[in-house]
Amino acid sequence: MQRPFIQKFLNNKYFAYILAGIFLVLSILLGISIGTVSVPMLTIIQLIGAKLSGSTIGSIDPMYSSIVFDIRLPRVILSGLVGAALAIAGAAFQGLLRNPLADPYTLGVSSGASVGAVLTLFFQLSLPYIGSFTLPLLSILFSFITIFLVLSFARKIERSMRVETIILTGIIFSSFLGALISLMIALTGDELRQIIGWLLGSVSMRGWEYIKIILPFFIIGSAILIFNAKELNAMSFGEERAHHLGVNVQRRKLIILTAGSILTGAAVAVSGTIGFVGLVIPHLSRLLWGPDHKHLLPLSILTGSGFLILADLVSRTIISPTELPIGVITALIGAPVFAIILLQRKRMERSG
């Protein structure tokens, strides 16, 4: 039976990249343009073009230049990097564990990273020689420790380490770590407002400095995952099948989990806890463009980036001048999608 015309286009990978790229560019332009003071899109393009070429801005109002380069552009880039990091990490975890319900949030990795970040804020930690990188490094360390403990505990419960067992273990650890964070909040004093605001998830009032913090970790983590796309494809059919195909399963699993932890820890360090991005975006990308990780991972980066830019735009404009935490917006979208995915899986199990 011939597939529908639209499905043929969706399965064309060139079209997929063009569509995802257009979505990201439009999200960036909307994110910069819309706000208390609207900036025309043509003005944005002229300003960015002048900046890149090193030419003078000309007759454009200097106020627009200040709004774009000092306030909105760094915010849009940061939200894009956070969305991309969470989306590609989620896509990798889902492929590795062969379950669309796996993501940094459900596996407890985000909660582990949050504990590391809250400890840094609570004790005002600053490690020698690395300064501002203390926050992301401790977040990454705690996210890696968390995923290691989750997998170890799941193996103790069940040697076969079924995916459902891993996810349930992740939820248990996430709940425990959430309680630990609540305890630290209860004990804190002056840092209370900063920690609570950070935990709700936000990219507000974060300038170029935060982009410099997340960017190297994003590049390293994404590059590792993309270079392991072929192995992820093999492991998505099961560890035994991957082993027969010549994949060193344990080594690759450790590499992929480490890269996912790097991405999650860095994202949480600069933006707080933003749930469901790593669940929703990879799942929708897989439905639209197929499970091949060679394309799924880059497409998840593009769509995840655009999605969080738009979510941040909604968070700061829906009840303007008051700002909602971006984590609230992603949860309002992600929780129903999570429930729909769960219902679909149950129906498929019953019909199968």
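The legends below describe close-up views of a predicted model. Local features require pLDDT of at least 70 and side-chain atom pairs count only at pLDDT 80 or more, while totals for chains, interfaces and linings use all residues. Residues are numbered from 1 along each chain as its sequence is written, and side-chain values use heavy atoms, with hydrogens and water left out.

View 1. The unreviewed UniProt entry places the feature "transmembrane region" at several stretches, including residues 133-154 and 326-343; UniProt positions follow the numbering used here, feature names are shortened, and annotations may be inferred rather than shown by experiment. Residues 133-154 are 95% helix and 0% strand, with the end C-alpha atoms 32 Å apart, and residues 326-343 are 100% helix and 0% strand, with the end C-alpha atoms 26 Å apart. Helices (H or I, at least four residues) and strands (E, at least two) are DSSP runs, numbered from the N terminus.

**View 2. A nonpolar surface patch that includes leucine 141.** Leu141, Ile145, Phe148 and Leu149 make a nonpolar patch of about 360 Å², where patches comprise residues with over 30% relative accessible area and no salt bridge, like charges being joined within 9 Å and nonpolar side chains (Val, Leu, Ile, Met, Phe, Trp, Tyr) within 5 Å. Accessible areas come from the Shrake-Rupley method with a 1.4 Å probe, and for residues only the protein chains shown count as cover. Leucine 141 sits in helix H6 (residues 134-157) and, at a relative accessible area of 43%, is partly exposed; buried means under 20%, exposed over 50%, and partly exposed in between (1.4 Å probe, protein chains only).

**View 3. Salt bridges around arginine 75.** A network of salt bridges links Arg75, Asp312, Arg316 and Glu323, a salt bridge being a side-chain nitrogen of Lys or Arg within 4 Å of a carboxyl oxygen of Asp or Glu. In the pair of aspartate 312 and arginine 75, the closest N and O atoms are 2.9 Å apart. Because aspartate 312 lies in helix H14 (residues 293-317) and arginine 75 in helix H4 (residues 62-97), this pair ties together parts 237 residues apart in sequence. Arginine 75 also forms a salt bridge with glutamate 323, again with the closest N and O atoms 2.9 Å apart. Glutamate 323 lies in the loop between H14 and helix H15 (326-351), so its pairing with arginine 75 ties together parts 248 residues apart in sequence. Arginine 75 counts as buried at 9% relative accessibility, whereas glutamate 323 counts as partly exposed at 33%.
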